[in-house]
Amino acid sequence: MKKLFVTSLLLSLSLGLLTTASAAPAPKGFSVHVSEKSNADPDYSISIGGLPGGTLQAKYGSDKINHANFKSLEFNYYQALPLIDDLSVSLGTRRLEYNNDSTWKTQIGVQKRFKLTDKTSAYTNVFWSKDFLDQDLGLAYELTSNLELNLGYYNTKTDHIGGSSPRSEGISVGATFKL
């Protein structure tokens, strides 16, 4: 799984470097995000912004649910909506693995940031597929122009994965490095 993730990240980076950047509403450049979850292993993601119309993201996460591993690998393309500030929609795919059963699912999502102060914002992310609902809600603080700290709540509900319906929820603490 880790080899697949690293290969996928390198492929995503290569695609991003080969694609001509445009005046997209998404921030240009690379960002790396790491978050530690209260009931899970850390999540890792890398994003490439400034692509035609949006941002490409690859993400890997792993949870322990009922003494079994629940792993997730996903690829998303975010498109900012020009009429509403800091609102974007996404389309992607996610590979879910639980109890040695794995499946790829198409997912759609909505993301919104709410500016609270010059350096602080609230955010929410919702991803939906036929077999899962993934929700995040949190606060982000821009420590420097290249580093953002995050504190949030996550809730993932699945259905029909590995013969059961695993669920994971808790608090996450993370950092986003903008390169």
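In strand β10, Ala175 is the bridge partner of Leu149. This pair belongs to the antiparallel pairing of β9 with β10 (residues 167-178), which runs over 11 bridges; strands are said to pair if DSSP finds at least two bridges between them. The model is a predicted one, in which local features need pLDDT of at least 70 and side-chain atom pairs count only at pLDDT 80 or more, while totals for chains, interfaces and linings use all residues. Residues are numbered from 1 along each chain as its sequence is written, and side-chain values use heavy atoms, with hydrogens and water left out.

On its other pairing, β9 (residues 147-158) meets β8 (residues 132-144), again in the antiparallel sense, over 12 bridges. Two residues lie between β8 and β9 in this hairpin, and Leu133 stands opposite Lys157 of β9.

The order from the N terminus is α-β-β-β-β-β-β-β-β-β-β. Of the 179 residues, 46% are buried, a label for under 20% relative accessible area, with exposed meaning over 50% and partly exposed in between (1.4 Å probe, protein chains only). Among contacts (heavy atoms within 4.5 Å) between residues at least 6 apart in sequence, 42% join residues at least 24 apart. The protein exposes about 9800 Å², of which carbon and sulfur atoms supply 62%; accessible areas come from the Shrake-Rupley method with a 1.4 Å probe, and for residues only the protein chains shown count as cover.

Gln107 sits in strand β6 (residues 101-115) and counts as buried because its relative accessibility is 0%. Its side chain makes a polar contact of 3.0 Å with the side chain of Glu74; the term denotes a pair of N or O atoms within 3.5 Å where, within protein, one must be able to donate a hydrogen and the other to accept it, and residues adjacent in sequence count only if both atoms are side-chain atoms. Leaving aside residues up to four places away in sequence, Gln107 touches residues including Asn76, Ser90, Arg94 and Trp128, along with Phe127 and Phe132.

Technical notes: Helix = DSSP H or I, 4+ residues; strand = E, 2+ residues; numbered from the N terminus.
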